[in-house]
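Subject: A structure for you to look at

Hello,

Here is the structure I promised to pass on to you. Please open it beside this message, and then read on for what was found in it.

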Amino acid sequence: VTLARRTMCPLGWLGMASLCLGTLWAVPAKERRKADKAKADLTLYENLDLDNYDLSLDNYGEILDLSNYEELYDYGDLAPKIEVGTLAPRPKDPETIPDLGLATAGTPKLQPPTGAGPVPPAPIPGQGELSRGSLCPPGLPSCLLCLCLGTSVYCDDADLEHIPALPPDTAYLYARFNRIGAIRAGDFTGLEKLKRIDLSSNSISWADVDAFRLLPSLQELLLPQNLLTALPELPRSIVRLDARLNRIPSAGLRPEAFRDLKQLQFLHLSDNQLDFIPVPLPESLRSLHLQNNNIQTMHEDTFCDSHDHGQIRRALEDIRLDGNPINLSLFPNAYFCLPRLPTGRFS
């Protein structure tokens with residue numbers, strides 16, 4: 001027994017010594033690995049050239065990959081949607097719109113020019129609009145009672161009783177579904193860029209003879225669904241005239257009113273009180289709508305030159321005479337130059 005104890009003691013001390021030595025060697029080994037890793041990282045950063053990582057407009061795209069940046073966020077819902085062919089939104093109540101003439105914090109109040117130039121006309125009492133010069137001040141996207149988008153002014157269904165003062169660069173005016181009763185000579189003064197005027201569905205019963213004549217760029221004049229009993233003089237630049245659904249008799253048209261309108265292509269006077277076809281018609285005319293009037297007769301040279309049987313009016317392809325008390329079969333020589341027969345009653 002004594003011999004066995006003496007043999008086990010040295011073995012036990014040897015095991016304890018091995019365990020202690022293993023522990024002592026394990027710590028330095030871990031520290032050595034950390035030190036080696038730190039040296040390797042330092043060597044990597046020492047070899048990395050950071051001089052080329054200065055951001056500039058030239059290398060911005062090379063440093064940061066922006067090829068898929070747009071896919072990170074969808075901006076489609078934030079873009080305003082404009083529907084073509086629909087009415088402009090109804091303008092807000094003018095009382096809720098701040099007075100543009102008042103100076104805001106940090107912004108000096110606008111002062112009228114000190115030169116000797118013409119002073120903009122004052123607003124009509126009770127009309128509620130600003131003068132022409134301040135209706136759409138520079139930098140503002142909208143007008144008071146109308147909506148200004150570029151060179152277009154939308155005044156639809158704004159309860160207007162007069163033509164509003166317009167910015168000098170207006171090219172398109174839409175003032176439909178209002179209560180405008182008359183068109184004065186000065187309503188469009190100075191609007192040399194005005195191309196289209198749409199006053200559909202108002203209560204216009206009178207228009208000054210010079211209301212449109214002095215507009216050099218006017219191409220489209222739309223006056224349907226009003227109370228007109230006469231047409232004013234038109235500029236020679238006019239391409240389309242729409243005066244349907246009014247109360248215009250033949251006496252309300254000037255003699256040979258359309259002869260010198262060499263650009264006129266669309267003449268729509270249906271649903272009026274005309275007694276005859278307004279001749280002479282310009283060679284440029286393509287569409288003539290006179291249905292639902294009181295036309296009872298026509299001449300042989302209404303559309304064609306009765307002395308020139310070789311004449312062909314290729315442009316005039318659309319003639320509407322239906323709804324009139326006229327028998328078109330009684331005037332066969334009036335259509336020989338037309339590419340198509342008029343629409344109407346032939347019996």
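Predicted model: local features only at pLDDT ≥ 70, side-chain atom pairs only at ≥ 80, totals over all residues.

Residues are numbered from 1 along each chain as its sequence is written, and side-chain values use heavy atoms, with hydrogens and water left out.

Now back to aspartate 159 and its partner. Its side chain meets that of arginine 179 in a salt bridge, 2.7 Å from N to O (a salt bridge is a side-chain nitrogen of Lys or Arg within 4 Å of a carboxyl oxygen of Asp or Glu). Arginine 179 sits in the loop between strand S3 (172–174) and strand S4 (182–183), and aspartate 159 in the loop between strand S2 (152–154) and S3, so the pair ties together parts that are 20 residues apart in sequence. Arginine 179 is also partly exposed, with 42% relative accessibility.

Next, the overall picture. The chain has two helices and eleven strands (both are DSSP runs numbered from the N terminus: helices are H or I with at least four residues, strands are E with at least two). Along the sequence they follow the pattern α-α-β-β-β-β-β-β-β-β-β-β-β. Of the 347 residues in the chain, 33% are buried. Among contacts with a separation of 6 or more, 44% are between residues 24 or more positions apart (contact means heavy atoms within 4.5 Å). The chain exposes about 22500 Å², and carbon and sulfur atoms supply 57% of that area (accessible areas come from the Shrake-Rupley method with a 1.4 Å probe, and for residues only the protein chains shown count as cover).

How many salt bridges are there by the rule above? The count comes to 14. In general, side chains of opposite charge can pair when their charged atoms come close. One of the bridges joins arginine 196 and glutamate 220, whose closest N and O atoms are 2.9 Å apart. This pair links distant parts of the chain, with arginine 196 in strand S5 and glutamate 220 in strand S7 (residues 220–222), 24 residues apart. Arginine 196 is partly exposed at 23% relative accessibility, while glutamate 220 counts as buried at 16%.

Another bridge is formed by the side chains of glutamate 283 and arginine 313, at 3.8 Å from N to O. Glutamate 283 lies in the loop between strand S9 (266–268) and S10, and arginine 313 in the loop between S10 and S11, so this pair ties together parts that are 30 residues apart in sequence. Is glutamate 283 buried or exposed? Glutamate 283 is exposed, with a relative accessible area of 52%, whereas arginine 313 is buried, at 5% relative accessibility. Salt bridges with shared partners also join Asp156, Arg176 and Asp198 into one network.

Some buried residues are worth a look too. Isoleucine 197 belongs to strand S5 (residues 196–198) and is buried, with a relative accessible area of 0%. Beyond residues up to four places away in sequence, the contacts of isoleucine 197 include Leu173, Phe188, Phe212 and Glu220. Its C-alpha is 6.3 Å from that of tyrosine 174, which is 23 residues away in sequence.

Phenylalanine 303, in the loop between S10 and S11, is buried at 2% relative accessibility. Leaving aside neighbours within four places in sequence, phenylalanine 303 is in contact with residues including Ile277, Leu288, Arg313, Ile319 and Tyr335.

In strand S10 you will find histidine 289, which is buried with a relative accessible area of 14%.

Last comes the surface. Aspartate 308 is in the loop between strand S10 (287–289) and strand S11 (318–320), and is partly exposed at 36% relative accessibility.

Technical notes:
Buried < 20%, exposed > 50% of the residue type's maximum accessible area, 1.4 Å probe, protein only.
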